[in-house]
Amino acid sequence: MTTNHQIRLARRPVGLPTADDWTSTEAEVPEPGPGEFVVAVSHLSIDPAMRVWMNPGASYVPPVEIGAVMRAGATGEVTASRHPGFAVGDHVYGNFGVQEYALSDGEGVDRLDLSLAPAHTYLGALGIAGLTAYFGLLDVARIKPGEVVVVSGAAGAVGSVVGQIARIHGCRVIGIAGGPEKCRTIVEEFGCDVAIDYKSENLRDALRKHAPDGVDVYFDNVGGKTLDSVLTRLARGARIVICGSMSQYNATERPPGPANYMALLAARASMTGMVVFDYEDRYPQASAELAGWLKDGRLRSREHIAEGGVRAFPETLLKLFSGENTGKLILALGNG
Ligand code: NAP
């Protein structure tokens, strides 16, 4: 019998998750019934949204139930199939969860073309991270050549693609990231003209220096003080894309609202929330364009692959909040 190791949510965390918030369980690898197939999971997507799914209230998806296998996007290979659309040996992406083997009926599962890129890149620039950057910039912000685009979390999965797409579209890109190493990387690899280290620099002063005529687009991955600082530097007609709020996901008290929101009025600016899943019907066109850029070298996908199998999941998730990752954080499960 092959064992399926799984990680389940044991309780709802307060603040940063701890080891006690999880249980490790074992089950038999499932057998596919009619219309089903089994996937040996190779790589797990480690996402900030996982912290939100651990909370009791629904966000844009329902919370993970206590005792359930933790939700996770993942790639893997079909090992057994009674499904007409999926054959043994197919490489696939789907919501397979934090476990080594997943049973699927094919709902929400995509077949991967490994001639374009390795499986794990479908969790990075060719996956949800890349699509979020793509639609946030091109559909929500509607960037134009010559505009000044500021992106926070610029060395992360979404942010690293934002910088590069903005560069491809002829924008001047200012990236905000934590620490000198990441700041060097976002300029050398991720399309930024300028980097601001939010951990050591005064953000408002740095923005005044690097964007003297104001910021046209702010792609916000972190919220909090960073958002408040950028609000003070908006150009007329600026667009702010609310993609996420890394600085607030582990907050134990209700965070203050953006104090400088009235700057939106003076700048005739807008602030718009976006959820990538709303663009699902347009993924094929966006994916083809992202793959084209990857092929011609204008786009790089950087993946930060942690090892250790499913049992390393709890500590790997924390790397997002300590900022240890550069590029897309992934956990390899050793299957393929
Ligand atoms: P990521 O940027 O690869 O990783 C998170 C990064 O956030 C860390 O590396 C760290 O970088 C930074 N960070 C951590 N704590 C912080 C804090 N307190 N203040 C400021 N920065 C902090 O993660 P990602 O997967 O690309 O996700 C980025 C954002 O996009 C998240 O907010 C996520 O929820 C959001 N998202 C939204 C959608 C959507 O549809 N709306 C889809 C996907 C992702 P530093 O070292 O630079 O601090």
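What follows looks at the ligand site, a pocket and a cavity in this model. The model is predicted, so local features need pLDDT of at least 70 and side-chain atom pairs count only at pLDDT 80 or more, while totals for chains, interfaces and linings use all residues. Residues are numbered from 1 along each chain as its sequence is written, and side-chain values use heavy atoms, with hydrogens and water left out.

Start with the ligand. There are 25 residues around it, and Lys182, Tyr198, Tyr249, Met274 and Asn325 come nearest; a residue is near if one of its heavy atoms lies within 4 Å of the molecule. Sorted by class, this shell holds 14 nonpolar, ten polar and one charged residues. Here Ala, Val, Leu, Ile, Met, Phe, Trp, Tyr, Cys and Pro count as nonpolar, Asp, Glu, Lys and Arg as charged, and the others, Gly among them, as polar.

An N or O atom in the side chain of tyrosine 249 sits 2.7 Å from a ligand oxygen. On its own the ligand exposes 920 Å², and the protein buries 89% of that (Shrake-Rupley method, 1.4 Å probe). Helix H3 (157-168) and helix H9 (313-322) are the elements that give two or more residues to the shell; helices are DSSP runs of H or I, at least four residues, numbered from the N terminus. The ligand lies between domain 1 (3-124 + 301-332) and domain 2 (128-277), because both give residues to its shell. Those bounds come from an automatic or database domain assignment.

On a 1 Å grid over the protein atoms alone, a cavity is a set of points where a 1.4 Å probe fits but cannot get out, a pocket is an open set with protein on both sides within 12 Å along at least five of seven lines, and lining residues have an atom within 4 Å of a point. A volume is the space filled by probe spheres set on the points.

The second largest pocket comes to about 160 Å³. Its lining includes Gln164, Glu188 and Arg298, and H3 gives the most, with three residues. By class that lining has three nonpolar, three polar and five charged residues.

The largest cavity has a volume of about 30 Å³. Among its lining residues are Ala157, Ser160 and Lys328, and H3 supplies the largest share, three residues. Both domain 1 and domain 2 contribute to this lining, so the cavity lies between them.

Technical notes: Polar contact = N/O pair within 3.5 Å; in protein donor to acceptor, adjacent residues only side chain to side chain.
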